[in-house]
Amino acid sequence: MSDKPVKFIDENGLRLDGRRVDEIRPMTVEMGVLSRADGSCYLEWGNNKVLAAVYGPRELHPRRLQRPSEALVRYRYNMAAFSVEDRIRPGPSRRSTEISKVSGEAFETVVMKQFYPGAVIDVFAEVLQADAGTRTAAINAATLALVDAGIPMKGLVAACAVGKVDGQLVIDLNKPEDNYGDADLPIAMTEDGEITLLQMDGNLTADEIAKGVEMVRKGCEQIFAIQKEALLSKFGTTDEMEILEE
Ligand code: CDP
């Protein structure tokens, strides 16, 4: 028997976890949690738990992979074997390879790679506990780990999904909404509002996508505020130039 809920949104407009359609799950972040990494961040978002670690910039080996005029940014998304109900087989999968690729690209226009020719910046995102929205959670953590590592960036990146349940658009899907909803559209964007990741699973009309993107913008504003609060409490400023000078 399917455990699909009969209704996802009640007559008061509240979702199964009590949120409104445009509300994100509670998010907490802690930077600098790993002493061996150059930068790190532990993030909880609803029931998701993600750890991001950044190593670099450091010389890239083998040298034939080096880029003469910029750094190479490598992003590895990984789910711990114990992060979901069924054990995840260790090692890369089609899913994790795809997520790693698109998530790395979400930082392409933001990381100032031209400052480190021949170097590599490695970003590791480890999902310790998964509850829908792990790729977006990982991107939100990775952004802060990059700043923590002192990597110059044009700004922060935030990510959040929008989907559709009971015919209504909702942001930051929880597990039942992700499993049984009609669509899942993860999006990442820069502080300037440039979209750097957009994927879609399911069906949405062009109008719904446009409206969904605007809802995600509001969600990302909330995430940028949380990220900036973390920067403020760690560095006493949200200005990246001042953070880099520390
Ligand atoms: O996590 P995200 O929403 O970015 O990716 P997804 O592929 O849409 O997966 C949605 C959720 O399904 C994950 O967050 C996990 O909770 C769960 N999942 C799982 O239980 N086993 C997998 N092999 C992959 C995902």
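Are helix 2 and helix 4 roughly parallel or oblique to each other? I started there.

**Ground rules.** I am working on a predicted model, where local features need pLDDT of at least 70, side-chain atom pairs count only at pLDDT 80 or more, and totals for chains, interfaces and linings use all residues. Residues are numbered from 1 along each chain as its sequence is written, and side-chain values use heavy atoms, with hydrogens and water left out.

**Helix 2 with helix 4.** I looked up the packing angle and found about 30°, with the axes 11 Å apart. Axes here are lines fitted to C-alpha atoms, for helices over the stretch in contact, and angles run from 0 to 180 degrees between N-to-C directions. Helices (H or I, at least four residues) and strands (E, at least two) are DSSP runs, numbered from the N terminus. Helix 2 and helix 4 are therefore roughly parallel to each other. The cut-offs: under 35 degrees is roughly parallel, over 145 roughly antiparallel, 65 to 115 roughly perpendicular, and the rest oblique.

Next I listed the contact (heavy atoms within 4.5 Å). Helix 2 brings Asn140, Thr143, Leu144, Val147 and Asp148; helix 4 brings Ile223, Gln227, Ala230, Leu231, Lys234 and Phe235. I sorted them by class: 6 nonpolar, 3 polar and 2 charged. Nonpolar covers Ala, Val, Leu, Ile, Met, Phe, Trp, Tyr, Cys and Pro; charged covers Asp, Glu, Lys and Arg; the others, Gly among them, are polar.

**Helix 1 with helix 2.** Helix 1 (residues 94-105) packs on helix 2 (residues 134-148) at about 40°, and the axes are 11 Å apart. The two are therefore oblique to each other. Their crossing is right-handed. Arg95, Glu98, Ile99 and Ser103 of helix 1 meet Thr134, Arg135 and Ile139 of helix 2. I counted 2 nonpolar, 2 polar and 3 charged residues in this contact.

**Helix 4 length.** I checked the span of helix 4 (residues 206-235). Its 30 residues at 1.5 Å a residue should span 44 Å, and the end C-alpha atoms are 42 Å apart, which agrees. The expected span is 1.5 Å times one less than the number of residues. Gly236 follows helix 4, with a positive phi near 75°.

**Salt bridges.** I searched the whole structure and found 19 (side-chain nitrogen of Lys or Arg within 4 Å of a carboxyl oxygen of Asp or Glu). One of them joins Arg25 and Asp172, with the closest N and O atoms 2.8 Å apart. Arg25 lies in the segment before strand 1 (27-31) and Asp172 in the loop between strand 7 (168-171) and helix 3 (175-180), so the pair ties together parts 147 residues apart in sequence.

I found a cis peptide bond between Gly56 and Pro57, omega about 0°. Pro57 is in strand 3 (residues 48-59). Another cis peptide bond joins His61 and Pro62.

Conventions:
A crossing is left-handed if the near helix is turned anticlockwise from the far one by less than a right angle, and right-handed if clockwise.
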